Amino acid sequence: QDLLAEIRDLMELPAREKGLDFVIECDPNLPPSFYTDPMRLRQCILNLVSNAVKFTEKGHITIRVSLQSRAGQDRVRFEVEDTGMGIEREKQDLIFDSFTQADHSTCRQFGGTGLGLAITRRLIGLLGGHIELTSEPGAGSTFSLILPLFLEPNQTSSESLMTEGTESVETDNRHIGCIGNILLIENKA
């Protein structure tokens with residue numbers, strides 16, 4: 001909730017100034033916290049929302065956060081949906097390359113270096129997740145960040161919540177670890 005409140009504080013006004021509806025929808029079954037790098041996740045979501053505001057002239061920007069399970073692993077899914085110009089299917093892979101935009105005229109019209117999505121894909125990969133895109137020209141885009149749902153031992157996920165008539169099963173969380181690299185800077189002064 002804190003992360004979503006920060007995103008709202010930073011991005012709702014620019015969206016509303018363009019006449020766009022700005023909506024955040026959050027699954028009530030989400031745990032209050034999970035293990036990740038909040039600064040990097042915040043940067044990824046801000047990149048996506050900033051692009052959505054930049055490339056959307058009318059309609060809405062919606063952020064959805066939900067739980068999903070794949071191959072027995074709970075995940076948290078952050079979606080940023082817009083009603084902007086959309087992206088042609090054959091150009092969808094290209095926009096994740098550094099210094100690339102789907103249409104060269106958009107660089108002149110909207111500005112930007114073409115680094116935001118490349119950085120977002122790299123960061124979300126370092127967090128153990130991945131990014132997905134669904135888009136149609138003229139019908140908008142939905143960018144999704146999918147991350148593993150690493151919980152503290154005393155938290156429960158959607159799969160292990162107690163349901164009526166079933167017993168609670170104790171979860172062994174020793175296999176949960178961090179994914180990614182660590183940069184350590186030491187001051188020798």
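I took helices (H or I, at least four residues) and strands (E, at least two) as DSSP runs, numbered from the N terminus. I counted two strands as paired if DSSP finds at least two bridges between them.

**Basis.** I worked on a predicted model, in which local features need pLDDT of at least 70 and side-chain atom pairs count only at pLDDT 80 or more, while totals for chains, interfaces and linings use all residues. Residues are numbered from 1 along each chain as its sequence is written, and side-chain values use heavy atoms, with hydrogens and water left out.

**Sheet.** I looked up the strand order and found an open sheet of 5 strands, β1-β2-β3-β5-β4, with mixed pairing. Its edge strands are β1 (21–26) and β4 (130–136), each of which pairs on one side only. Neighbouring strands are turned by 20° against each other on average, direction ignored; axes are lines fitted to C-alpha atoms, for helices over the stretch in contact, and angles run from 0 to 180 degrees between N-to-C directions.

**Strand pairs.** I noted that strands of a sheet pair through backbone hydrogen bonds, either parallel or antiparallel.

- β2 and β3 are joined by 10 bridges and run antiparallel; Thr-62 stands opposite Glu-81 in β3.
- β3 and β5 are joined by 8 bridges, also antiparallel; here Val-76 stands opposite Leu-147 in β5.
- β4 and β5 (residues 140–148) are joined by 7 bridges and run antiparallel; His-130 stands opposite Ile-146 in β5.

**Burial of β3.** I checked accessibility, with buried meaning under 20% relative accessible area, exposed over 50% and partly exposed in between (1.4 Å probe, protein chains only). In β3, 9 of the 10 residues are buried, so this strand is largely enclosed by the rest of the structure.

**Turn at Ala-71.** I found that β2 and β3 form a hairpin with 2 residues between them. Ala-71, in the loop between these strands, has a positive phi of about 50° although it is not a glycine. I recalled that most residues other than glycine have a negative phi. Ala-71 is exposed, with a relative accessible area of 89%.

**Helices.** I recorded that α1 (residues 2–17) lies across β1, β2 (60–70) and β3 (73–82), running at about 160° to β1. In α4 (residues 116–126), the buried residues are Leu-117, Ala-118, Thr-120, Leu-123 and Ile-124. Their cover includes α2 (38–54), β4 and β5, where contact means heavy atoms within 4.5 Å. Just after α4, Gly-128 takes a positive phi of about 90°.
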